Amino acid sequence: MPAFRSLDELDSAEMARTGPAESFSVENRGGGSGLRFRGWVRIDQAGDYTFFHNATGSSRLAIDGQWLTGADSWQREKVDARRTLRLEAGRHEITVDFVQRGQKPPMLKVEWEGPGIAREVIPSSRLSSEREPVSAAPDFRADSAKAEKGRAL
């Protein structure tokens, strides 16, 4: 496990593993662990959205490649921030970096509020790993000629 000296080191770090995550969670991580959550958040209605970012450890939050909160958290080893920005309807890139530091148990919470949305943890139904949603598989229809051939074989 690498010993990180800054959040910027996550940009060039060799990841030990990657995979989908349903939420921004740091439970059961060892000290010094570095995590990068990257994906897309779906905005249904244009408007002002406030993002709340709390962490015990060093952490930062970006929307569409712009770091909104936590850029200075390496010195403070915790984050308690909020930032409001105007977002158009559609999918927006979201990145959350986290490195466990200090003796306190790790904690990370990313919440939002906006038009028609009371403050809440960003639901997994609004997050995706791909910008464009995966299209639904077409309905299966058996080819009767091929099925008959299969029966004969």
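Modeller: Start with one pair. This is a predicted model. Strand β2, residues 47-56, is joined to β5 by ten bridges, and the two run antiparallel.

Biologist: What holds strands of a sheet together?

Modeller: Backbone hydrogen bonds pair them, in a parallel or antiparallel sense. Here, take Phe-52: its bridge partner in β5 is Arg-82.

Biologist: In what order do the strands of the open sheet lie?

Modeller: The order is β5-β2-β7-β8, four strands with antiparallel pairing. β5 (78-87) and β8 (117-121) are the edges. Each has a single partner strand, so one side of each lacks a neighbour in the sheet. From one strand to the next, the twist averages 15°.

Biologist: Which strand pairs with β1?

Modeller: β6, residues 90-99, pairs with β1, residues 34-43. Ten bridges link them in the antiparallel sense. β1 is also joined to β9, residues 127-128, by two bridges, again running antiparallel.

Biologist: Which residues stand across from Val-41?

Modeller: In β6, Val-41 faces His-92. In β9, the bridge partner of Val-41 is Leu-127.

Biologist: Now a loop. Where does Gln-100 lie?

Modeller: Gln-100 is in the loop between β6 and β7 (107-114).

Biologist: Is Gln-100 buried or exposed?

Modeller: Compare its relative accessible area with the cut-off: under 20% counts as buried. Gln-100 has 6%, so the residue is buried.

Biologist: What lies 3.0 Å from a polar atom of the Gln-100 side chain?

Modeller: The backbone oxygen of Lys-104 does.

Conventions:
Residues are numbered from 1 along each chain as its sequence is written. This is a predicted model: local features need pLDDT of at least 70, side-chain atom pairs count only at pLDDT 80 or more; totals for chains, interfaces and linings use all residues. Side-chain values use heavy atoms; hydrogens and water are left out. Two strands pair if DSSP finds at least two bridges between them. Axes are lines fitted to C-alpha atoms, for helices over the stretch in contact, and angles run from 0 to 180 degrees between N-to-C directions. Buried means under 20% relative accessible area, exposed over 50%, partly exposed in between (1.4 Å probe, protein chains only). A polar contact is a pair of N or O atoms within 3.5 Å; within protein, one must be able to donate a hydrogen and the other to accept it, and residues adjacent in sequence count only if both atoms are side-chain atoms.
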